[in-house]
Amino acid sequence: MSDAKLYSIAAIARKLDAPESTLHAWKNRFDEFLPCVGSGRNRRFRADAIPVFIAIQNLLGAGLSTNDIKSELSKSFPRTIETDQSPASQVSVMSQSSVDAPGVDSHLTAAIGAEIARAIGENLSRYFSQPAPLPDETVQHLKAQAEEQQHTLCSLQDENKALVDKLHALENELVRLRKDRREMEKYLLGKINTAQKK
């Protein structure tokens, strides 16, 4: 029989002997692989989330980037569906990943934003190309507002892309530092062993 017990982040942190803040960061980055119920402070994780946390811990320890870890997790763990298991409701909804997460999700967000902007632009151009019953001043004001909103949307998309690129660079640098650390440890152990043999 499967373990129906639900665990808080604090309980899982104790099991993994890891800081609770670290598990919160993992939860935000790899949310789509972590089976849970509830939301906010009431969010609890099912027992089958624990092996996912352990896999994340091991893969991060091996120096993998977020995208590589997501790729590895998708091979062993299904993406989750978050459920509200209150007595009044058994409705299932799709679990959402963090907006600041890099990779596919940020590209998807940018694509959705671009599609929304395109649809709004088409509707506005159709509206303003027809004889408007509104005064010219009002029409011009609405056009100016629409252009401003379009400009703001483009700026936010550019800013989002820049932040994603910076996050990728930081992750790559972290991977490089971990590799350098491992190489330095091997080098120092070799020196110690040589010194002990003498």
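This is a predicted model: local features need pLDDT of at least 70, side-chain atom pairs count only at pLDDT 80 or more; totals for chains, interfaces and linings use all residues.

Visitor: What share of the residues counts as buried?
Guide: Of the 198 residues in the protein chain, 27% count as buried.

Visitor: Which residues touch the most other members of the largest nonpolar core?
Guide: That core has 26 residues, and those touching the most other members are Ile12, Leu23, Trp26, Phe45, Phe53 and Leu73. Helix 1 (9–16), helix 2 (20–29), helix 3 (50–61) and helix 4 (66–76) each supply at least two residues of the core, and the largest share, 7 residues, comes from helix 3. As background, nonpolar side chains tend to be buried together in soluble globular proteins.

Visitor: What is phenylalanine 53 in contact with, leaving aside neighbours within four places in sequence?
Guide: With those neighbours set aside, phenylalanine 53 is in contact with Ile9, Ile12, Leu16, Leu23, Trp26, Leu34 and Phe45.

Visitor: Now helix 4: which of its residues are buried?
Guide: The buried residues of helix 4 are Thr66, Ile69, Lys70 and Leu73. They are on the same side of helix 4, because they cover an arc of only 100° around its axis.

Visitor: Changing topic to charges, how many salt bridges does a search of the whole structure find?
Guide: The search finds 9 salt bridges. One of them joins the side chains of glutamate 171 and arginine 29, at 3.6 Å from N to O, and this pair links distant parts of the chain, with glutamate 171 in helix 6 and arginine 29 in helix 2, 142 residues apart.

Visitor: Is glutamate 171 buried or exposed?
Guide: Glutamate 171 counts as buried because its relative accessible area is 11%, where the cut-off for buried is under 20%. Arginine 29, at 27% relative accessibility, counts as partly exposed.

Visitor: What about glutamate 72 and lysine 75, how many residues apart are they?
Guide: They are 3 residues apart in helix 4, so about one helical turn separates glutamate 72 from lysine 75, and their side chains meet in a salt bridge at 3.2 Å, N to O. Glutamate 72 is partly exposed, with a relative accessible area of 32%, whereas lysine 75 counts as exposed at 62%.

Visitor: Which residues are linked with Arg176 in a network of salt bridges?
Guide: Glu173 and Asp180 are linked with Arg176 in that network. The side chains of aspartate 180 and arginine 176 meet at 2.6 Å, N to O, and about one helical turn separates these two residues, because they are 4 residues apart in helix 6. Both count as partly exposed, aspartate 180 at 34% relative accessibility and arginine 176 at 37%.

Technical notes. Residues are numbered from 1 along each chain as its sequence is written. Side-chain values use heavy atoms; hydrogens and water are left out. A nonpolar core is a set of buried Ala, Val, Leu, Ile, Met, Phe, Trp, Tyr and Cys residues joined through side-chain atoms within 4.5 Å. Buried means under 20% relative accessible area, exposed over 50%, partly exposed in between (1.4 Å probe, protein chains only). Contact means heavy atoms within 4.5 Å. The arc is that of the directions from the helix axis to the C-beta atoms. A salt bridge is a side-chain nitrogen of Lys or Arg within 4 Å of a carboxyl oxygen of Asp or Glu.
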